Each structure stands twice: as C-alpha cells, then as structure tokens.
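Work through the exercises below with the sequence and the 3D structure open. Each task is followed by a solution in steps.

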Amino acid sequence: MHPSVILHLEGVTKQFSPAIAPAVASINLSLNVGEILVFLGPSGCGKTTLLRLIAGFEQPQLGTIEINGKIVAGLNQWIPPEQRDVGMVFQDYALFPHLTVAKNIAFGLRQGNKKFETKRQIASRVTEVISLVSLEGLENRYPHQLSGGQQQRVALARALAPRPALVLLDEPLSNLDAQIRLKLRQELRDILKAAGTSAIFVTHDQEEAFAISDRVAIMQNGHIEQIGTALEIYQMPRSRFVAEFVTQANFVTAHYRGRLWETELGSFALPDLSQQDIPQGTQVELMIRQEDLQIHPDEQADVVICDRIFLGRELIYHLRTASGQVLVARTTSKMLLPVGICVKVTVEETALYAFPIHAKALNKQPLAI
Ligand SMILES: Nc1ncnc2c1ncn2[C@@H]1O[C@H](COP(=O)(O)OP(=O)(O)OP(=O)(O)O)[C@@H](O)[C@H]1O
C-alpha cells in the first residue's frame with residue numbers, strides 16, 4: 001500500500017444469502033490520506049454495507065481490506081472494529097443519553113487508547129475537539145438539551161477525538177431539517193479538513209455528495225459505477241445510469257444519417273464522432289442536461305411548454321415534443337414564459353453526449369466529448 005493511501009480495498013464481496021445477488025461485489029478502491037470520499041447511490045445499492053465492511057461490522061466473503069497499512073479483513077485475517085483505528089458517525093447520532101457532551105466526547109479516550117494515557121491529555125484533547133466543532137460552553141449539557149445539529153457535532157467530535165486513521169459517516173445529516181442540513185454539511189467538510197482526517201461519507205443526496213466530497217463513488221447494485229471528482233462525474237458520466245442519477249439529464253433518440261445525428265429537436269454533427277466509421281442508421285440516445293436546453297418563443301415550433309415550476313433563483317420548464325416526450329429545461333428566473341406557448345428548443349452540439357442504445361454497452365465511455 002502506497003504511504004499516501006490510508007484505505008485500500010481489493011475484490012471486496014459481501015453476499016448475505018446465496019439466493020440473492022451480493023450486496024457488495026468485487027469492490028476495488030483506494031482512499032488517500034486526508035481525502036473525503038462519498039458513496040452515493042440509490043437506496044439498496046450497497047453503500048451502508050460497504051461502510052460496515054470497512055468498519056468491521058460485517059465480514060466479507062472475498063477480498064481484502066487494508067487500513068493504514070494493516071490488513072483488517074482478508075483470507076484468515078480479521079481485526080475487530082474497535083482495533084481498526086476507525087471513528088464512526090451514525091445517522092441517529094448514537095450519543096450516550098446519561099453522559100454530558102464532554103463525557104460523550106471523552107468516552108473513546110478512556111478505552112485504553114494509548115495515544116491519551118493521562119487524565120490531563122484526555123481533558124486537553126476534549127477541549128481541542130469541542131473547539132474544533134464549535135461547541136464551547138455546552139460541555140456540561142446532556143444530549144437531550146441539544147438541538148439535532150449540535151448532537152451531530154458532538155457525535156463528530158467523539159469520532160474525531162481519538163485521532164483515528166479514518167472516519168466513517170453513515171448518512172449523518174439525514175435526520176436534520178433542510179436548512180440545518182445545508183449549514184452543517186459545509187461545517188462538517190471544514191471540520192474534517194481542519195482535522196486533516198480521511199473520511200468516507202454515505203449519502204443518497206447528490207447535492208450533499210458534491211458539496212462535501214473530494215471524490216465521489218457512484219454505486220449501483222453493489223458495484224462502483226464511476227469514481228471521480230464531482231466535476232468529472234457531472235461533466236463526463238461514464239454510463240447512462242450515472243448520467244440519469246447525477247445530472248437528471250434528458251435523453252433524446254438520434255439516428256445517424258449522412259454525417260448528421262437526426263433527432264426531433266434537429267440534426268447535430270457531433271464533431272467528436274466524425275472520425276469514427278459509424279454505419280448509417282445507427283441509433284443512440286443523446287444526453288442533454290436540463291441547463292443546456294435553450295428555449296425561445298416561436299409560434300411555428302412544435303414543442304409546447306406544458307408546466308412551469310418557479311424555484312426562486314431558477315425556473316423549471318416541462319416541454320412536450322411532437323412525439324409526446326417530455327423534456328425538462330432549467331433556466332434563470334428571468335426567462336419567464338407562460339405555460340401553453342410553443343417554443344423553439346436549441347442546444348449546443350458540444351453539450352451533447354451520445355450513449356449506445358443497448359443496455360450491455362451502457363457502462364462504456366460515452367461516444368462523444
Ligand atoms: N443484514 C442483511 N441481511 C440481508 N440482506 C441485507 C442485510 N443488510 C443489507 N442487505 C441487503 O443488501 C442490499 C444493500 O443494502 P445497503 O443497506 O447496503 O444499501 P444502501 O445503499 O445503504 O441503502 P439505503 O440508502 O436505503 O440505506 C439491499 O438489497 C439490502 O436489502
């Protein structure tokens with residue numbers, strides 16, 4: 001394992017029952033020191049199982065897990081959770097109700113942790129992490145005397161206190177109100193970065209994943225579909241699943257005729273594909289992001305605005321094409337058009353991605369861009 005790698009997984013597989021597909025299948029993954037990686041995917045894709053395998057709450061049938069240079073799970077090798085040098089933060093905070101904030105945070109430091117042997121060292125570390133998570137003045141409160149956001153910061157402080165090699169966070173913000181959730185996700189990233197901690201964060205919320213991560217692993221059916229920075233994934237989704245899940249993009253069928261791709265929105269040249277020898281009549285699906293669809297009122301056009309949703313800063317338009325397909329366009333709120341009018345829809349060729357139409361090929365690189 002390279003010294004800059006804190007966690008390495010190779011071929012990690014977990015199957016709960018022979019009758020059902022593995023919850024996690026052949027996962028290969030490396031996490032760098034100080035990096036925040038987010039597991040993002042729909043319900044049931046295996047995010048929590050993968051996190052629990054790393055924590056040591058589940059045992060893989062196949063593969064190895066290495067943390068900080070030590071194999072913690074593998075063939076005939078097993079290190080229990082409490083000896084893995086890993087901190088956990090759960091969705092429901094899991095604080096001890098009968099202990100104060102300071103005692104909750106100090107709890108892990110009393111477990112014979114060799115990094116903090118004296119009472120003074122423990123007290124000083126508790127003060128340090130309380131300040132890191134901005135909970136000064138609340139040291140002597142009990143969990144029920146705190147807000148949800150404050151409780152989650154205590155849980156984070158408790159996980160960080162022993163200076164673990166790795167912190168694992170399982171949907172830590174999902175019990176919080178939308179506004180606190182927004183605020184705390186930024187704070188959480190700042191705190192993890194200030195502590196220099198390597199972390200894995202599980203969520204099914206795409207915006208949260210993007211905001212908090214250095215890299216995101218998009219999961220589906222126990223596999224990692226794509227791993228990369230939020231920008232890489234958004235700009236270059238590797239499969240139709242990633243494109244749909246991450247960008248909620250539109251897909252329009254296109255046929256190759258002459259040197260153009262014909263769609264019901266018009267014909268496009270797709271310069272990136274012009275070098276390839278593509279048979280006439282080839283059918284693909286073109287991905288068009290919601291923000292890349294431009295609309296202009298045009299009485300002659302055959303696309304109709306069938307719905308409009310005002311979101312404050314932006315507008316969402318639902319557009320019905322001549323074939324009956326509904327496309328979604330996102331514009332600034334200045335582009336205010338009434339429902340029921342006809343619009344011409346345009347899109348820059350450089351904003352188009354071509355995806356092969358057959359499911360088998362969907363995991364391949366998109367053909368264009
Ligand atoms: N202890 C278990 N026994 C049997 N099947 C399980 C067990 N734990 C999880 N599974 C199954 O494994 C699959 C992955 O579950 P997992 O909880 O990891 O998904 P997830 O992506 O975290 O979902 P969610 O976002 O809903 O929490 C699911 O099909 C789930 O039903």
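**Exercise 1. Strand S17 and its partners**

Task: In this predicted model, state how many bridges join S17 to S20, then find how S17 pairs with S18.

Solution. 
Step 1. Strand S17 (residues 303–310) and strand S20 (residues 342–346) are joined by two bridges and run antiparallel.
Step 2. Phe 310 has Leu 315 in S18 as its bridge partner.
Step 3. S17 and S18 form a hairpin with three residues between the strands. In that hairpin, Gly 312 takes a positive phi near 90 degrees.

**Exercise 2. The five-stranded sheet**

Task: Give the strand order of the open sheet of five strands and say which strands stand at the edges.

Solution. 
Step 1. In general, strands of a sheet pair through backbone hydrogen bonds, in a parallel or an antiparallel way.
Step 2. Here the order is S2-S1-S4-S5-S6, and the pairing is antiparallel.
Step 3. The edges are taken by strand S2 (24–32) and strand S6 (77–78); each has a single partner strand, so one side of each is left without a neighbour in the sheet.
Step 4. For a pair within the sheet, take strand S1 (residues 5–14) and strand S4 (residues 62–67), which run antiparallel and are joined by five bridges. Thr 13 stands opposite Leu 62 in S4.

**Exercise 3. The two sides of helix H3**

Task: Compare the length of H3 with the expected span, then sort its residues into buried and exposed.

Solution. 
Step 1. Helix H3 (residues 119–132) has 14 residues. From its first C-alpha to its last it reaches 20 Å, close to the 20 Å expected at 1.5 Å a residue.
Step 2. The buried residues in H3 are Ile 122, Arg 125, Val 126, Val 129 and Ile 130. These residues lie on the same side of H3 because they cover an arc of only 135 degrees around the axis.
Step 3. Arg 120, Ser 124 and Ser 131 are exposed, on the face of H3 turned away from its buried side.
Step 4. The cover over the buried residues of H3 includes helix H2 (101–106) and helix H4 (148–160).
Step 5. Just after H3, Ser 134 takes a positive phi of about 55 degrees.

**Exercise 4. Helix H4**

Task: Which residues of H4 are buried, and what covers them?

Solution. 
Step 1. Start with the length: the 13 residues of H4 should span 18 Å at 1.5 Å a residue, and its end C-alpha atoms are 18 Å apart, which agrees.
Step 2. Eleven of the 13 residues of H4 are buried, so this helix is mostly covered.
Step 3. They are Gln 150, Gln 151, Gln 152, Arg 153, Val 154, Ala 155, Leu 156, Ala 157, Arg 158, Ala 159 and Leu 160.
Step 4. Among the elements covering them are strand S7 (86–89), H2, H3, strand S8 (166–170) and helix H5 (178–195).

**Exercise 5. Two single residues**

Task: Is Leu 99 buried, exposed or partly exposed? Answer likewise for Glu 244.

Solution. 
Step 1. Leu 99 is found in the loop between S7 and H2. A residue is buried at 20 or more other C-beta atoms within 10 Å and exposed at 12 or fewer. Leu 99 has 16, so it is partly exposed.
Step 2. Leaving out residues up to four places away in sequence, Leu 99 touches Asn 104 and Phe 107. Its C-alpha is separated by 15 Å from that of Gln 150, 51 residues apart along the chain.
Step 3. Glu 244 is placed in helix H8 (residues 240–247). With 14 other C-beta atoms within 10 Å, Glu 244 is partly exposed.
Step 4. Glu 244 and Arg 289 are 45 residues apart in sequence, and their C-alpha atoms are 9.6 Å apart in space.

**Exercise 6. The whole chain**

Task: How many helices and strands does the protein chain have, and what share of its residues is buried?

Solution. 
Step 1. The protein chain has eight helices and 21 strands.
Step 2. Of its 369 residues, 38% count as buried.
Step 3. Along the principal axes, the C-alpha atoms of the protein chain fill a box of roughly 80 × 50 × 35 Å.

Key. Residues are numbered from 1 along each chain as its sequence is written. This is a predicted model: local features need pLDDT of at least 70, side-chain atom pairs count only at pLDDT 80 or more; totals for chains, interfaces and linings use all residues. Helices (H or I, at least four residues) and strands (E, at least two) are DSSP runs, numbered from the N terminus. The expected span of a helix is 1.5 Å times one less than its number of residues. The arc is that of the directions from the helix axis to the C-beta atoms. Two residues are in contact if their C-beta atoms, placed from the backbone, lie within 7 Å. Two strands pair if DSSP finds at least two bridges between them.
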